[in-house]
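User: Hello! Could you walk me through a helix and some charged pairs here?

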Amino acid sequence: MKLLKTSLLTVLLLCIVSSCSKEDSGNASEEVNYSIDLNLAQETDWELADQVLVLINEHRTSIGLETISKDQQHASAYAVDHTKYMIDNNEISHDNFSFRNNGMKNRGAESVGEIVAYGYNNAESVVSAWLNSPSHKSVIEGPYAYSGFGIIENSQGQYFFTQLFYRK
């Protein structure tokens, strides 16, 4: 059933994002707008984000990888936007990742990765959980140079996390 839902969603998304050429307009096609309000980046908990980044960079250097630099603009704006979406839905997800991925690629990113979490109260616990998850760990250890953060506390005092990684 889940595979059927995923397949139907994929087909639906392809139908939605595909554009058709109009006969009378030659090769004209609808462009997707990947713009994002950069003011969103200011809504992240930057104190907690800085602590997460320190721990991730400590892990990366311990295995011989370069450190990640903080992006407080586009990547963080996209991350905050997604974190707000997760809070509104009260669940973590990678829904609409293609929007964030394509938005970052339109700004020069070659590769984009994302990790999310919910319910952790400090940097140590969320980074530990990510490093104990093979899929999250592979993103943390990926060939990325920059990271944006969407770390927001919901009305019940629980944190939701989105961290976008990318390289140019």
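This is a predicted model: local features need pLDDT of at least 70, side-chain atom pairs count only at pLDDT 80 or more; totals for chains, interfaces and linings use all residues.

User: Which exposed residues does the face of α2 turned away from its buried side carry?

Analyst: Residues are numbered from 1 along each chain as its sequence is written, and side-chain values use heavy atoms, leaving out hydrogens and water. Helices are DSSP runs (H or I, at least four residues), as are strands (E, at least two), numbered from the N terminus. Buried means under 20% relative accessible area, exposed over 50%, and partly exposed in between, with a 1.4 Å probe and protein chains only. On α2, the face turned away from the buried side carries E47 and S62.

User: How far apart are the end C-alpha atoms of helix α2?

Analyst: Helix α2 has 17 residues, 46-62. The expected span is 1.5 Å times one less than the number of residues, so α2 should span 24 Å. The model agrees, with its end C-alpha atoms apart by 24 Å.

User: Which side chain meets D50 in a salt bridge?

Analyst: A salt bridge needs a side-chain nitrogen of Lys or Arg within 4 Å of a carboxyl oxygen of Asp or Glu. D50 is partly exposed because its relative accessibility is 32%. At 2.6 Å, N to O, its partner is K70.
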